[in-house]
Amino acid sequence: MTTLGWRAAWGIARRDLHRQFRGLRLLLVCLFLGVGALAAIGSLTSAIRSELDGQGQVILGGDFEVEVYQRPLTEEETAWLEDYGELSPGLRMQAMASAGEAASPVELKAVAPNWPLYGALTLADGSVAGELPQGGAWIAQGVAERLDINVGDTFTIGTLPLTVAGVIGEEPDRLSEGFTLGQTVIVGLDVPPAAGLTQPGAMYETKTRVRFTGADDPAEVEEALLDRFPESGLDTRTRDRASPGAERFVSRMGEFLTLVGLAALVIAGIGIGLGVGSYLEARRAGIATLKILGATSSDIARIYILQIGAAALAGSLAGLAAGVLVTPVLAGALGDLLPVRAGVTLDPLALLRALAFGLLVALVFAAPPVLRARAFPAMALMRERVAPLGAGSWRAALRPVGLGMAGIALLALAGSPTPALSAGFLAGALAMLGLLALLGLGIRRVARRLPRPANPIWRAALANIHRPGAATGALVTALGFGLSAFVLLAAVQTSLDGNIRRSVPQIAPDYFVLDVPRARLAEFTGLVEAAAPGAAIESTPTLRGQVLEYGDPANPTVVAELEELPEGAWALGGERGLTYSVQVPQGNVLTEGEWWPADYTGTPLVSVDEELALAAGLELGDIITVSVLGVQKTATIASFRRLDWESLGFNYVFVFSPNTLADAPHNVAATVSFADGVPPGLLRQLAVAFPSSSVIEVGPILSEARAILDQVSLAILAAASVAVLAGVAVLLGAIAAARAARIYDTVILRVLGASRGQLLGLQFAEFGLLAFVLAGVALALGSGLAWLVITQLFEFDWLPDWPRIMLVLGAGLALVLVFAFLASLPVLRAKPAAALRSL
């Protein structure tokens, strides 16, 4: 028998497509949502990564950076680095700026004349700043407004008057500096010592950037430096990881959003299968006619593969266009957080990947209904309305479905920074599809065996679930995925909100005050209490040190010899805050061991955070050796404590007995909480009386942190909403797909005397039964997936708000019933005579 060629098949296929893809619009909508989400996500994350990689030297301010606390680099360390290129030393610390009666906490950044080694400082007037004049300073716009000063005016840092040389517009290495505790003031490297801010014990950090003169590998230089100075407390960064926090955020957020896009496509795939099945059902007579006229099964397959392929390509291309157009909006929203330029971003690889995902998902879910229609003889197709077709052979679909799933898996794993997570997601999605398919089969079997209710509406609704040709399987899958998407979104959102509320507490001290001279603590307390009677003041000694050894006194573990720190033992690396105390710090709970007496003078002791002890395998009686300003101190572990990380009080992983650290140069930090609000003029009084101290205003910092976290949460909500929209589209498609059979049933029931109210009640009863059963399944599946996202992907605590989740689930159930009602309207309006004549 002669078969149609592809050109002839396309000629027939094209005639059905001229009606604006009528019948395939569900396929178009589903692919538009899924591909659009993946295109936008892929383009945005690719643009940010490209910016981070391409601008690494500018973001870092060099090829290599060395950080150390409370001291500059030694001559030996400096000479070692100078062998690799040009050095630009700098310093960063908190300070107080004042002018007239106004004062403002600032982030003081002292730079060398050759700063920046890469990039340029742009001022607010658009000009590029040259070398900073002697006695001058560049200030942030917020400092200028707070102190009411402008270019040419004078203000004071510590005890040193400075002149405003310009207002900062764009700082080249701002992203690498991380989260700041005040507006920036940039000064010369000689200013902090001249202002009296770097006395022994002062809390500051020196940063030395290196611009390589040769083709040195930053990673090799980093390894060599740490091998050469293993106990110097040096922290390092390279141009390849100029902003680790931003890179980690982009990686995790990009991975999550990609999984959201894939979830939207998986859900959309169900809609594609339903849409294609409904489309082919509407063309049942046409397929039968073509077969009677001599068309082979291969001809039928070619015609409808071309039609569905054209629709899939159109929907995917529309999704790509939408994804590209929405990227500037996302870039603008994240412009303050990440280095991404506004404007249309084109990443051909990301777009091709999104397009491939869409077409492969269309192949996987469209192939079974196409091959099913291809396999049945003409007369069986003619009789399908009154004698529904069987399931057909599933073997024919194995090859296209298997190839499509293999392609999806390869694409997902090849482009993922965490292949294990992507593989787990794909396996979970496949398992979820299988589970819902089995659940649909089980619901039909249970419904068949249940006793018949006396109420005719409920009896008919129960029968509709298991009768031949029932769309129960499709509805269970659509409802299961749709309701699970609602639960997933609510659980992720509420857990993020919970972490935000816990990490950024509503109640916190009004001021943190750093570098209060310990000999003048009583004077500081008196000044604050005089200005604000009833103020709560807490103080603690503050030092910094690096852990050199820990563990068994006879055979301690040397930190410098470890290839990597034990998981969770972050406090063993780099320099950390240290303190000493005569009593258990407020908010801490002693969980094991004993505290030392107030007048203790014996062997130096230390109390350690219980979480660190568990991660590092520490026991009572083990030792901790730290280096404080180059002097080694060894203490015996006397107790473990549980810290109150949820507060903004003082939390130190290591708290020593006073006789361990009291002789080291150090200052005191204090928190101040006011009973009746911050008293006016106190900042200025502190700036005058304690010029070397710095005040951190907690309120504005908390507001900024909440704003950033809310912005991230909103981005996640917007992205996850794509999956919910896909679920809604699929649900509508599942209801629409069964419309033809429902019209036939409704017409028969109306002929037999059923009223419109009874028919509407039947529709509500059927969907209500399914939705009620699936609500529990969706709660388990959605919350389980949300737990994985929150705890494994974002590494946050699992803090869902169950009442809100149940409310969202209830709203989803109500939405299902609303859709059922809307879908009933065209069915109820069907004319019995016209419907019967179409059989």
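Buried means under 20% relative accessible area, exposed over 50%, and partly exposed in between (1.4 Å probe, protein chains only). The model shown is predicted: local features need pLDDT of at least 70, side-chain atom pairs count only at pLDDT 80 or more, and totals for chains, interfaces and linings use all residues. Residues are numbered from 1 along each chain as its sequence is written, and side-chain values use heavy atoms, with hydrogens and water left out.

**View A. Glu65 and Arg237 form a salt bridge.** A salt bridge is a side-chain nitrogen of Lys or Arg within 4 Å of a carboxyl oxygen of Asp or Glu. Here the closest N and O atoms are 3.1 Å apart. Glu65 lies in strand S1 (residues 64–69) and Arg237 in strand S10 (residues 235–238), so the pair ties together parts 172 residues apart in sequence. Strands (E, at least two residues) and helices (H or I, at least four) are DSSP runs, numbered from the N terminus. Glu65 is buried, at 0% relative accessibility. Arg237 is also buried, at 11%.

**View B. Arg71 meets Glu77 in a salt bridge.** The N to O distance is 3.1 Å. Both residues are buried.

**View C. Lys633 forms a salt bridge with Asp663.** The closest N and O atoms are 3.1 Å apart. This pair links distant parts of the chain, 30 residues apart. Lys633 sits in strand S18 (residues 631–642). Asp663 sits in the loop between helix H20 (658–661) and strand S20 (667–673). Lys633 counts as buried, at 14% relative accessibility. Asp663 is exposed, with a relative accessible area of 57%.

View D. A search of the whole structure finds 10 salt bridges.

**View E. Helix H18 crosses helix H21.** H18 covers residues 521–531 and H21 residues 682–689. Their axes (lines fitted to C-alpha atoms over the stretch in contact) come within 11 Å and cross at roughly 160°. Angles run from 0 to 180 degrees between N-to-C directions. The two helices are therefore roughly antiparallel (an angle over 145 degrees).

**View F. Side chains of H18 and H21 in contact.** Contact means heavy atoms within 4.5 Å. Phe524, Leu527, Val528 and Ala531 in H18 meet Leu682, Gln685, Leu686 and Ala689 in H21. By class, this contact has 7 nonpolar, 1 polar and no charged residues.

Conventions
Angles under 35 degrees count as roughly parallel, over 145 as roughly antiparallel, 65 to 115 as roughly perpendicular and the rest as oblique. Ala, Val, Leu, Ile, Met, Phe, Trp, Tyr, Cys and Pro count as nonpolar, Asp, Glu, Lys and Arg as charged, and the others, Gly among them, as polar.
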